[in-house]
Amino acid sequence: MLTDRLGGTRRVVAPLLALLCGAGAALAQPGPWARTETRQPCASFDPYRQPYFGDTHVHTAYSSDAVFAGTREDPRGAYRFAQGEAIGLPPYDAQGNPTRTAQLRRPLDFTAVTDHAEQFGEMQICLTPDLPGYDSPECVSARTQLAAPLPTLPSLLPPLPVIQFLLGYGVVQPPTRFAWCGTDGSNCLAQASLVWEDTQAAAEQFYDRTDACTFTTFVAYEWSGQPGGNNLHRNVIFRNATVPAMPTSYMEQPTPDGLWNTLTTQCLEDLPGCDVLAIPHNPNVSGGLMFAPFNSDGSPLTATSAARRAAMEPLVEMNQHKGDSECRPGVQSTDELCGFEKNNRLQLFSPISDPNQAFPPLNYIRNVLRQGLVSEQALGVNPFQLGLIGSTDTHNSTPGATEEADFGAFGHLGLRDGATPAFMVQRVTPAGIEGNPGGLAVVWAEENSRDALFAAMRRREVYATSGSRPILRFFAGRESGLDCGDAEFVARAYRDGVPMGGTIGPVRGARSPRFGVLAFRDAGTPTSPGTPLQRAQIVKGWVDAQGQSHEQVFDVAGDPNNGAGVDTATCTPTGSGEDSLCAVWEDPEFDPSQRAFYYARVLENPTCRWSTIHCNAQGVDCSGPVSPEYAECCNPAVPKTIQERAWSSPIWYRPEGLVRMRGKLTLRGAARDGLDLELRFAAPPAGLDLATQALVVTLGDDDEIFRVTLPAGTLQQTRPGRWAFSDRTGSLGGVRSAAYVEHGSGQATLRLRAARLDLGAADRVDHFIALGVRAGSWQVDEAALWESTSARLAMRR
Amino acid sequence: MRALVRRWPLLHFLAGGGVLFLLVGRPATAPPPAPLVIGAAEVTRLRDGYRRETGLPPTPADEVALIDRAVDEELLFREALARGLDRHDRSVRHWLIEQMRVLADDPAADEQTLYQRALGLGLDRNDLVVRRILVQKMRLLAARAGESTVDEDELRRFYRDHAGDYRQPDRVDLQQVFLRRAHDGGDADSAQRLLVGLRAGDDHTAVPAGDAFPLPRRLTGQSRAQLEKAFGAGFAAQVMSGTPGTWIGPLDSPYGAHLVRVEAHRNGAVAPFEAVRGQVLERWREQRRRERLAALLAELRRRQPLRVESAAWQQRSTT
């Protein structure tokens with residue numbers, strides 16, 4: 001059995017390797033990712049991956065809008081909180097002691113602190129007496145705001161000083177720093193570099209590099225562009241401690257394309273060891289521009305720019321405290337479950353909150369995923385192949401503070417929402433009654449280390465939750481033996497298909513691929529009991545021959561009419577739900593010619609929304625007179641209950657995609673190793689032109705196993721539909737033959753054989769190996785399970 | 001000597017400070033300086049500022065803290081000037097030029113001229129902004145002096161002194177068979193039967209039975225905290241105390257029932273230095289920065305007589 005072989009190998013190898021520590025140290029069972037940092041491999045490592053819960057969107061006192069809301073905890077406080085310690089919240093008393101404290105009921109596994117990089121230096125200056133700028137009107141008014149007695153009622157908009165700080169640094173184009181920052185912003189940048197340095201030091205201090213792997217931090221920041229008021233914010237997450245000398249903010253690069261350009265040059269190309277991705281958030285207030293199908297300069301997307309975009313941004317934040325961005329009823333959707341935690345403003349600071357405005361379709365991720373299919377139809381590349389995560393966007397230094405029961409007491413915005421209990425239920429932006437405690441990012445990774453988590457984010461094997469912690473698996477592929485009664489469900493699903501985030505072709509001919517959904521309830525803790533599941537769904541989006549996109553939602557497990565509910569007066573649940581849900585599903589309306597995506601959505605039984613818990617705690621009784629400051633508690637437009645949920649990253653179906661994939665490594669040693677690869681596509685890949693494009697093939701686990709580049713024109717056309725290369729000497733990386741053939745059936749095969757190789761880097765255990773094939777903007781990335789027998793590693797899918 | 005230092009941390013501290021002082025300090029050569037005066041007016045100004053910023057009247061303890069901070073800043077400013085930190089500082093130079101441009105009202109003047117005129121007027125000595133730039137610079141310089149080189153021996157010593165903080169949790173490897181909770185309640189019997197079968201079998205690696213489960217069937221390196229998060233406290237407690245090699249169960253979790261065989265139980269050890277070096281380094285740096293700054297300030301106070309017109313401060317200084 002598979003697991004037995006793995007286990008047997010591990011018992012021998014693990015103790016030896018546990019002693020090793022350092023970059024390049026092999027893992028007992030390598031993941032399909034390279035170890036880029038010096039650390040101990042984790043004692044808890046599983047090739048079939050474990051779910052790690054975290055938050056990739058956290059603000060601390062290093063963000064202007066957090067510190068001006070009274071937050072004093074810096075990134076160290078945020079990491080302490082994530083690990084389960086209590087931290088202080090404003091207001092603080094004269095001796096500097098907090099009058100409120102917050103603590104997570106369940107610690108997180110990882111956190112990225114993402115302070116607004118635009119004003120790192122400005123903030124320090126405003127808070128450090130007499131630095132140039134300290135006495136500027138902007139700093140004075142900001143500090144006055146800080147020192148002002150607590151207002152009795154919150155204002156709709158953030159205080160003027162905060163807006164003043166945001167305008168030139170995120171809204172106005174071109175962005176402008178305050179004059180007191182000096183020539184080229186030098187005074188402010190000098191201070192900013194100290195903040196960036198400390199952000200990195202804090203991440204280092206709280207990152208567990210021992211084999212206990214209790215907690216992972218990421219060096220990160222937020223690029224906070226909001227030109228014209230349309231939110232284009234992105235969180236920039238670095239893979240390891242090798243990061244550029246300064247963050248690239250909206251001040252340096254006021255467009256997303258500019259940000260990606262700088263990240264490419266400063267990190268990916270010019271800084272060895274540096275790796276980065278960006279996670280956009282809140283398309284729901286982006287004016288449809290966060291995922292507009294054109295480049296920042298207004299030119300239409302091309303295959304190249306779409307591929308670059310997809311490479312830089314593999315994920316999107318599905319939900320956070322400023323609302324859920326999945327979909328909206330009436331905006332290309334009739335799905336009634338889309339009305340979940342909606343922000344009803346066109347822009348973040350718009351004074352109008354109204355669900356009946358003209359919301360741009362591309363404010364919602366499901367529509368963006370559909371647009372991605374439409375773009376792919378035209379370009380051959382999907383610019384919006386987005387995996388899904390949730391996060392909080394807390395401005396309290398409180399990562400993972402997603403408990404409905406705690407949100408009324410803590411809030412997320414310092415004194416902006418938490419000055420008094422009544423503040424929480426006002427109609428202000430971007431908080432108050434319309435806000436919510438946000439969600440979590442869940443990452444399926446082999447171990448809790450930066451490399452493992454980052455690689456999982458790259459391959460989109462992640463899911464979003466609305467704050468609770470259900471466990472969700474989602475697979476698709478041929479999946480012939482998949483069965484919910486099978487203890488080997490997960491191993492089998494990996495062997496015969498792809499996990500969430502992956503891509504498949506017509507693997508069962510014209511028949512539907514098979515999908516596996518496995519959902520387990522939030523296990524909870526005594527203080528946070530978790531809620532049973534109600535049902536699992538699969539959401540499908542597709543594009544028809546006319547280029548029109550569509551969607552449909554299928555219930556695949558559980559029961560929407562299970563009768564479970566909650567007594568909103570006491571918040572006691574009624575009825576029962578499921579501890580686990582499992583389904584193996586085929587799409588009854590599958591059309592092999594239509595490109596599509598599928599994602600799983602799992603709903604818990606209804607529970608009280610945070611506002612209901614909070615209003616109850618304040619003794620509000622809507623059947624009698626209610627004081628005006630608590631009027632929103634009794635507003636029928638505010639939902640009393642919610643259904644917490646999880647969304648898997650989608651799996652994409654491409655009609656021209658992989659039908660079959662086979663690989664074999666023959667490991668004889670002494671430079672006599674061999675490689676045989678065959679990829680069969682349902683149709684000739686769009687954009688593939690071997691006469692003008694070099695073909696790059698790579699194989700890697702924790703090391704690079706094989707890499708070859710066949711220059712453009714190496715494969716010669718020998719007859720219509722057939723390109724071939726053969727070389728007995730193997731002068732090109734050992735390649736003896738390569739062929740690309742378009743068959744009469746319409747399918748196409750790419751085959752590569754190489755010999756006399758040294759593939760010693762390939763570990764001789766069953767493990768995942770990442771295969772990459774690239775030509776121009778066309779690419780295939782498949783991390784598949786390769787199984788080990790005597791002198792051979794083989795994969796067949 | 002090392003043993004002595006380990007034994008007497010204060011000696012270590014003072015010696016470190018002394019070395020630091022010799023390296024970066026500039027001993028005063030002038031006759032005893034005139035006392036630094038924090039007059040009653042200044043104390044009032046400090047109190048007023050505090051009241052303005054916090055909306056609260058300062059307590060005597062607050063007043064002492066405010067005065068201490070003001071004294072520290074003055075001492076650091078003087079030290080910065082004594083070390084010539086104001087020369088060649090881009091921020092200072094830029095600021096002075098900007099100020100001078102306003103004062104001189106001469107749009108044609110070049111930067112060098114403006115800078116020289118500002119120095120001539122002594123702007124670099126009495127400008128608040130220059131003062132704050134220099135105080136911050138002095139703080140950083142003092143706190144981080146010699147930081148670019150890390151004394152590995154000292155770092156390891158720090159690690160040994162705080163070894164308890166780097167102790168790892170106990171961990172288990174386990175194998176489990178998961179059984180869904182059936183709605184008809186008939187699962188207790190089948191779980192028992194399966195358990196008997198597992199206990200009788202000698203092949204502990206082949207475990208075909210059980211329902212689909214999203215987590216790995218064989219879990220390695222699990223701490224109690226990890227198990228609690230994934231399976232609940234009751235499950236974790238029973239597994240952590242399970243005898244290696246024996247099938248136990250059925251153990252309830254929020255998901256259903258589990259038959260578990262603990263394969264190995266390892267007691268937590270102190271993490272090796274190499275694995276926690278980054279954490280140790282940050283902690284040690286933080287501590288060293290505080291010590292260096294405190295050492296410098298203590299030395300500056302020793303050299304500089306003070307006269308403070310505050311009863312609260314006087315009282316603190318005499319007790």
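Visitor: So helices are DSSP runs of H or I with at least four residues, strands are runs of E with at least two, and both are numbered from the N terminus. Where is the place of A:R49, then?
Guide: A:R49 sits in a loop of chain A, between α1 and β1 (50-55). Keep in mind that this is a predicted model.

Visitor: What phi does A:R49 have?
Guide: A positive one, about 75°, although A:R49 is not a glycine. Most residues other than glycine have a negative phi.

Visitor: Buried or exposed, that A:R49?
Guide: Buried. A:R49 has 24 C-beta neighbours inside 10 Å, and the cut-off for buried is 20 or more.

Visitor: Let's switch to peptide bonds. Which kind joins A:Q173 and A:P174?
Guide: A cis bond, with omega about -5°. A:P174 belongs to the loop that runs between α6 (160-171) and α7 of chain A. Most peptide bonds are trans.

Visitor: And in chain B, what is the bond from B:G249 to B:P250?
Guide: That bond is cis, and its omega is near -5°. B:P250 lies in a strand, β4 (residues 247-252) of chain B.

Visitor: Zoom out. How many helices and strands does chain A have?
Guide: Chain A has 15 helices and 38 strands. Its radius of gyration is 26 Å, close to the 28 Å from the globule rule for 797 residues, so chain A is as compact as a globular protein of that length.

Visitor: What does its C-alpha trace span?
Guide: About 85 × 65 × 55 Å along the principal axes of chain A.

Visitor: How much of chain A do buried residues make up?
Guide: They make up 57% of its 797 residues. Contacts reach along the sequence too. Of the contacts in chain A with a separation of 6 or more, 69% are between residues 24 or more positions apart.

Visitor: What is the mean pLDDT of chain A?
Guide: The mean is 91, and 94% of the residues in chain A reach 70 or more.

Visitor: Where does pLDDT stay under 50?
Guide: Over residues 1-27 of chain A. The model has 44 contacts beyond four places in sequence for that stretch. Where pLDDT is low, the predicted coordinates should not be read in detail.

Visitor: Now the two chains. How many residues are in contact?
Guide: 53 residues of chain A contact 59 residues of chain B. On the chain A side, at least two residues each come from α1 (2-18), α7 (186-206), β14 (471-477), α14 (489-496), β17 (514-520) and β22 (580-586).

Visitor: Which gives the most?
Guide: α7(A), with six residues. By class, the side of chain A that touches chain B has 26 nonpolar, 16 polar and 11 charged residues.

Visitor: Back to single residues. Where is A:D567 found?
Guide: In strand β20 (residues 565-567) of chain A.

Visitor: What is A:D567 in contact with?
Guide: A:T572 and A:T574, leaving aside neighbours within four places in sequence. A:P606 is 39 residues along the chain from A:D567, and their C-alpha atoms are 9.8 Å apart.

Visitor: Helices next. At what angle do α8 and α13 of chain B pack?
Guide: At about 115°, with the axes 7 Å apart. The helices are α8 (residues 128-144) and α13 (residues 273-303). Their crossing is right-handed.

Visitor: Which residues meet there?
Guide: From α8(B), B:R139, B:A142, B:A143 and B:R144. From α13(B), B:R289, B:R292, B:L293 and B:L296. Four of the contact residues are nonpolar, none polar and four charged.

Visitor: Last one. Which residues are buried in α11 of chain B?
Guide: B:Q226, B:L227, B:E228, B:A230 and B:F231, in the helix spanning residues 224-231. Their cover includes β3 (218-222) and α12 (233-240) of chain B. Just after α11(B) comes B:G232, with a positive phi of about 95°.

Definitions and conventions: Residues numbered from 1 in each chain as written. Chains lettered and ligands numbered in written order. Predicted model: local features only at pLDDT ≥ 70, side-chain atom pairs only at ≥ 80, totals over all residues. Contact = placed C-beta atoms within 7 Å. Nonpolar A, V, L, I, M, F, W, Y, C, P; charged D, E, K, R; others polar. pLDDT = per-residue confidence, 0-100. Axes fitted to C-alpha atoms, helices over the stretch in contact; angles between N-to-C directions. Left-handed = near helix turned anticlockwise from the far one by under 90°. Buried ≥ 20, exposed ≤ 12 C-beta atoms within 10 Å, placed from the backbone. Rg over C-alpha atoms; globule rule 2.2 N^0.38 Å.
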